Amino acid sequence: MTYFTQDSKHVVAELGSSPQGLDHKEVEQRRAVHGLNQLSSPPPPALITIFIKQFKDFIIYILFFAILFSLMIGKHVDSLIILAIILLNGGIGFFQELSANRSLDALKKMTRIQALVIRDGEQQTIPAEELVPGDLILLETGDKVPADARLLTTIQLHINESALTGESLPVPKKDLVLPPQTQLGDQVNMGFASTTVVAGRGSAIVVATGMNTEIGKISKLIQETAEGLTPLQRRLEHFGKRLGLVIIGICTIILLTLSAREFLANGAMTVTILLPMAFIAISLAVAAVPTALPAVVTISLAVGVKRLLAKRCLVRRLASVESLGSCDIICSDKTGTLTQNEMTILKSWSLSGESSLSGNGYSPQGIIQGDADPLLYEIGLACNNSEVKEVEGKWQVIGDPTEGALIVSGAKAGVDFHGERIDELPFDSGRKRMSVMIDKEGELLVYSKGAPDALLSCCTHILLDGSLHPLTPSLILQVLQANNQYASQAMRVLAMAYKKIDRKDSFNEEQLVFVGLQAMIDPPRHDVVESINRANNAQIRSIMITGDYPKTAQAVATAIGIKGQILTGAELDSLSDDELRQALHQNTNIFARVIPAHKLRIVQILQGEGHVVAMTGDGVNDAPALKQADIGVAVGSGTEVAKEAADFILLDDSFANIVDAVEEGRGIYDNIQKSIMLLLSGNLGEVLIIFLAVISGMNLPLTAVLLLWINMITDGAPALAYSVDPYSKHIMQRPPIPMGEGILPKPHLKLLFFLGIVGTLIALSIFAYTGGHANGGEQLIHGRTMVFNFIVLYEMILVFLIRRNYHVGLWTNPLLWMAVLLTFTLQGIILYTPLAPFFQVIPPSLNDFGILGLGGLCFFSAYLLYTGWQGRISPGPHERAPLI
């Protein structure tokens, strides 16, 4: 119902209420119909659901199949090793997600909102969840509005609706009848659940509770928005499926080749002959699958989570960490995210001159430079019903933010007010001013503040250097020019005036002396300009989406470096999706006076064009878009609804941490790429070695046990060490990873195949030279030992060659050197201890080491020839893709 279009008395009658409120019986009947005044939320996922989710991966499905087949043919040790790796990966992901959920629960406020209600003709304080439509409620300064309500009476009532609409200034409320087209932020006769009374008092009748409130509608939007896969999940899923098809194809060829050879040699095919060949094919499949990849990805993400937490960024969903690295558009709310959500006086003006005020927010720290009349600050302190105080190290205003800003400007000016207030003419929207009568050391004064035009109409004189001068048209023009200059910068301007009176005079606002102006704004966060510049350098587009007024949005955007066209919510409503898409093509980067559905629509349009979109915000109005976005980032001081919808929570509200998180995401993606290159290059070599050896009639160069050792130990340890690799200093000077790009870009794939083929040719040459054609016995074991050692050697060389492509220093990761040393140590243990017979290997001779060294040198030389001595196959800067 559009209660804001109806007279308040009609609303009370329509809802079946009265000045005495509802009676107990009626309340119970209505609660049975409408339910409790609380938001419904989906139940938290069961622990088993979180655990099972960790195994939904195509590569893991292949490994499960390998486990099953190995069990069928009695290879229990192989099965247990693969199963242990899968469970380790799942456990890491499970505990990280569980920890994030518990951390979020710890952030939630456990206080219950209370409501002052009139029932059965008496005032009662009840839990807000017990309210029903038709209840009469009383609102006081500091109260949370407990439900959507039509205002009945207001006395200087101001409500801060920034959490719902994005407007930083409190809204003065009045009992008026409004036209049907009035937007949510302009409904001055309504109070909305989750907003806060910052000044005055009033009464209202509840018109909507629970999910029927404006916040309830937003909550429903959140629940209806499905979560999609992150870019990494999409790429890994695609990569896993393609890899699976390749593995199945190669294994089938191997099995058919071996079967045909045995059939031609023996003239028959039996199960006894077929099972060993099938195991060879399965071993090849295990070799082809990067067994350590799921664990490497999970651990890399978990390491990133810890790094982000050190930067005061809590990660709720593990897989979303790397999405930041693919982000190419940040859609940000203005209030509380780009700005401080704290009104600050920046300029003061009088005929004697202009002053500039430094400092931020409500902290009294700052200085004033200029010649504005000090009386400005005394009037601002006198015409004030608010208080500013320090709470747990943070300065906060109790009351109206505008009055808080006036208190702070007075403190910066070193002005104290010691007069006694005798009377007050409160502010109202008709007069647009407030006045107080002051007794200052026996002298009676009237101090007034208000809108410049409203106060000028009450003035006959103006103050200049302590002297009074008639307020001539030319002087009025000077005042208006100063006012227009500040207003054009989206500042809110208050005028100050005064007069001396006798005790016999009446208290009125006539024949005042104009003193000057104080101009204020909700300023940008101190680090946001640098953060926007860093985003621009990283070719990330920044878009402001706010519920505030166009002029304010444009001024803030200009101040922080967001450039482009502006669209209002009303204009957006008139555009089709194609027209909105075209507007975004034309560099529309500022959206003002929008509602939650607009934010959601903008994000969806951008995603439809293939962009990875991050949405930042703190209010209830941001929540649907936070959940829809690829990366939802809520600030820690924001609403619980926003936090529930987000993937990340900034614990200290710093916008700079969003860009830091993007850098972290890019670094994590780079490290995962390094791990995949190492694992695939080694696995490709193993597959080609076995495949070509079988095709060419040679013996099997590697047994299943040796393949598992290489995959688990030789590949796994260095790949895991990549997770803590430092990031390139150029990482924020290149474009985001294109959506259509695979997990490895083409230059990386070409290098990978080149090195895999070179490694294979060298390994097969060594095998042929040392026993590849032998009819079993120690010579064949010697040949397999040489191939086994060479693969380990060339993969350790690969560890450092891959890092070279990412512009990372040789000695910057001690853990990686330890992993390489551990690999060589374990290799020595199985070669020179009683474990050697189990692995069917023998200790190499001095001549063997020479052959291996020559092979390693040839491998390194081939890399240098391919890349050039100074060359890189790097993820460095490339041509900038269109923004949409």
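Strands are DSSP runs of E with at least two residues, numbered from the N terminus; I118 is in strand 1, residues 114-119. The model is predicted. The chain has 884 residues, of which 56% count as buried, and its secondary structure comprises 29 helices and 27 strands. Of the contacts with a separation of 6 or more, 72% join residues 24 or more positions apart.

- Setting aside neighbours within four places in sequence, I118 is in contact with P19, Q20, G21, L22, Q123, L136 and L138.
- For one of these contacts, I118 with L136, the C-alpha atoms are 5.4 Å apart, and the two residues are 18 residues apart along the chain.

**Nonpolar cores**

- The largest nonpolar core has 112 residues, and the members that touch the most others are M544, F648 and F788.
- Helix 23 gives the most to this core, with 17 residues.
- Another core, of 43 residues, lies apart from the largest one and includes F192, I218, L572 and A625.
- F648 has contacts, outside four places in sequence, with L308, C313, L314, V315, S320, V321, L324, I631, G632, V633 and A634.

**Helix 23 with helix 25**

- The axes of helix 23 and helix 25 (residues 746-770) come within 8 Å and cross at roughly 40°.
- At that angle helix 23 is oblique to helix 25.
- The crossing of helix 23 and helix 25 is right-handed.
- On helix 23 the contact is made by Q673, M677, L680, S681, L684, G685, L688, I689, L692 and A693.
- On helix 25 the contact is made by H748, L751, L752, F753, L755, G756, I757, T760, A763 and L764.
- By class, the residues of the contact of helix 23 with helix 25 are 14 nonpolar, six polar and no charged.

**Helix 23 with helix 26**

- The axes of helix 23 and helix 26 come within 10 Å and cross at roughly 155°.
- Helix 23 is therefore roughly antiparallel to helix 26.
- Helix 23 passes helix 26 in a right-handed crossing.
- Helix 23 makes this contact through K674, M677, L678, S681, G682, N683, G685, E686 and I689.
- The helix 26 side consists of V787, I791, Y794, E795, L798, V799 and I802.
- The contact of helix 23 with helix 26 divides into nine nonpolar, four polar and three charged residues.

**Helix 26 with helix 27**

- Helix 26 contributes T785, F788, N789, V792, L793, M796, V799, F800 and R803 to the contact.
- Helix 27 contributes L816, W817, V820, T823, F824, Q827, I830 and L831.
- The contact of helix 26 with helix 27 has twelve nonpolar, four polar and one charged residues.

**Buried positions in helices**

- E664 is placed in helix 23, residues 656-695.
- The relative accessibility of E664 is 3%, so this residue counts as buried.
- Not counting residues up to four places away in sequence, E664 touches G304, R307, L308, K311 and Y727.
- Helix 12 (residues 375-382) has eight of its eight residues buried, so it is largely enclosed by the rest of the structure.
- The buried residues of helix 12 are L375, L376, Y377, E378, I379, G380, L381 and A382.

- Q156, a residue other than glycine, has a positive phi near 50°.
- Q156 lies in strand 4, residues 148-160, and at 26% relative accessibility counts as partly exposed.
- S194 is also other than glycine and has a positive phi, near 85°.
- S194 sits in the loop between strand 6 (190-191) and strand 7 (196-208), and counts as buried at 17% relative accessibility.

Key. Residues are numbered from 1 along each chain as its sequence is written. This is a predicted model: local features need pLDDT of at least 70, side-chain atom pairs count only at pLDDT 80 or more; totals for chains, interfaces and linings use all residues. Side-chain values use heavy atoms; hydrogens and water are left out. Contact means heavy atoms within 4.5 Å. Helices (H or I, at least four residues) and strands (E, at least two) are DSSP runs, numbered from the N terminus. Ala, Val, Leu, Ile, Met, Phe, Trp, Tyr, Cys and Pro count as nonpolar, Asp, Glu, Lys and Arg as charged, and the others, Gly among them, as polar. Buried means under 20% relative accessible area, exposed over 50%, partly exposed in between (1.4 Å probe, protein chains only). Axes are lines fitted to C-alpha atoms, for helices over the stretch in contact, and angles run from 0 to 180 degrees between N-to-C directions. Angles under 35 degrees count as roughly parallel, over 145 as roughly antiparallel, 65 to 115 as roughly perpendicular and the rest as oblique. A crossing is left-handed if the near helix is turned anticlockwise from the far one by less than a right angle, and right-handed if clockwise. A nonpolar core is a set of buried Ala, Val, Leu, Ile, Met, Phe, Trp, Tyr and Cys residues joined through side-chain atoms within 4.5 Å.
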